[in-house]
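Subject: Model handover

Hello,

Here is the structure for you to look over. My notes on it follow below.

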Amino acid sequence: MTSIASWNVNSIKARLPNILSWLETASPDVALLQELKTVEENFPRLEIEALGYNCAVLGQKSYNGVAILSKAPLEDVLEGLPGDPDDEQARYLEATTFGLRVACIYLPNGNPIKTEKFPYKIAWMDRLRAHARGLLDSEQPVVLGGDYNVIPQDEDVYDPKAFAGDALTQPESRQRFRALVNEGYTEAFRALHDEPHQYTFWDYQGGGWQNDHGLRIDHFLLSPQAADRLESCEIDRGPRGEKKASDHTPIVCRLREAA
DNA sequence: ATGGTAGCCTTGCTA
């Protein structure tokens, strides 16, 4: 079995004790981290390597930043989402590990929708779809995990009306998320769980966690070869309840060994 | 009522 976690940590520096503690106990084979909020030189490589992980890091000062951690070697690392050489935001990393092609995604938030941020999000999703389509041609199973900043359906948010004008629920965002699925990817959590209102993010503001006012925006999309091996996909709410928590909590999927 | 919190290393921007 190979376990793969995705977690938007909201600053690798501020969250380091929480992250080390969770990696030690949950011990995923692969961990995809988003929102490092620092440059690669400041990534706590030694502390994470001490837990047995190899690290691929794409950093950025103050904003964004993604990393892939793996207990196996990381090969053929791709930094950045292809399709726009002028895009300097650190939101995409891809590597091969455990025989899987794994992508770590920090999709643009897109708010407010009346600014240039929203078209940037939509264009980024179009690039992701084009790239994801190409990945299906490979011989390897593909796992696209991360913070998609998309609430796929109204049942994935505590109050759909409150999010009617939000980039995370716009028809343009949801349509592109479905388009990605329609290329041939399986959304792992929804494939295995019917219950609505299973969240991965709770805002710091307004007692989001205390009132279970959350959003389901962290997802795993699996190619057919990966989906055939899907054993489980679970949200681990533990870290969100800890002191100095990230506003996101980890989601973990497990894949059986190749037949 | 355009609020509220957290993290960046700025005194505003992003989420």
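Start with the DNA. 15 residues surround DNA strand B. The closest are S11, K13, A14, S62 and Q205. A residue counts as near a molecule or strand if its C-beta atom, placed from the backbone, lies within 6 Å of it. The surface near DNA strand B has four nonpolar, six polar and five charged residues. Ala, Val, Leu, Ile, Met, Phe, Trp, Tyr, Cys and Pro count as nonpolar; Asp, Glu, Lys and Arg count as charged; the others, Gly among them, are polar.

Some ground rules. This is a predicted model, in which local features need pLDDT of at least 70 and side-chain atom pairs count only at pLDDT 80 or more, while totals for chains, interfaces and linings use all residues. Residues are numbered from 1 along each chain as its sequence is written, and chains are lettered from A and ligands numbered from 1 in the order in which they are written.

Helix α1

Helices (H or I, at least four residues) and strands (E, at least two) are DSSP runs, numbered from the N terminus. In α1 (residues 16-26), the buried residues are I19, W22 and L23. Seen down the axis of α1, they fall within an arc of 100 degrees, so they line one face of the helix. That arc is taken over the directions from the helix axis to the C-beta atoms. In general, an α-helix has 3.6 residues a turn, so residues three or four places apart point the same way. The face of α1 turned away from its buried side carries the exposed residues P17, E24 and T25. Buried means 20 or more other C-beta atoms within 10 Å of the residue's own; exposed means 12 or fewer; partly exposed is in between; C-beta atoms are placed from the backbone. The cover over the buried residues of α1 includes β2 (30-34). S27 follows α1 and has a positive phi, near 50 degrees.

First sheet on my list

Six strands form an open sheet, ordered β3-β4-β2-β1-β14-β13, with mixed pairing. Strands pair if DSSP finds at least two bridges between them. β3 (54-58) and β13 (230-235) stand at the edges with a single partner strand each, so one side of each has no neighbour in the sheet. β1 (residues 2-8) and β2 run parallel, joined by five bridges. There, I4 stands opposite V30 in β2.

The other sheet

This open sheet also has six strands, in the order β5-β6-β7-β8-β12-β9, and its pairing is mixed. Its edge strands are β5 (75-79) and β9, each pairing on one side only. β6 (residues 92-97) and β7 (residues 100-106) pair antiparallel over six bridges. E94 has A103 in β7 as its bridge partner.

Is β12 (residues 218-222) buried or exposed? Five of its five residues are buried. D218, F220 and L222 lie on one side, H219 and L221 on the other. β8 (residues 142-147) runs antiparallel to β12, with five bridges; D147 is partnered by D218. β9 (residues 186-187) is also antiparallel to β12, with two bridges; E187 is partnered by L221.

Residue A227

A227 lies in helix α6 (residues 224-227). A227 is buried, with 20 other C-beta atoms within 10 Å. Leaving out residues up to four places away in sequence, A227 touches T186 and L222. Contact means C-beta atoms, placed from the backbone, within 7 Å. A227 and R237 are 10 residues apart in sequence, but 24 Å apart in space, C-alpha to C-alpha.

Best wishes

Definitions and conventions:
Two residues are in contact if their C-beta atoms, placed from the backbone, lie within 7 Å.
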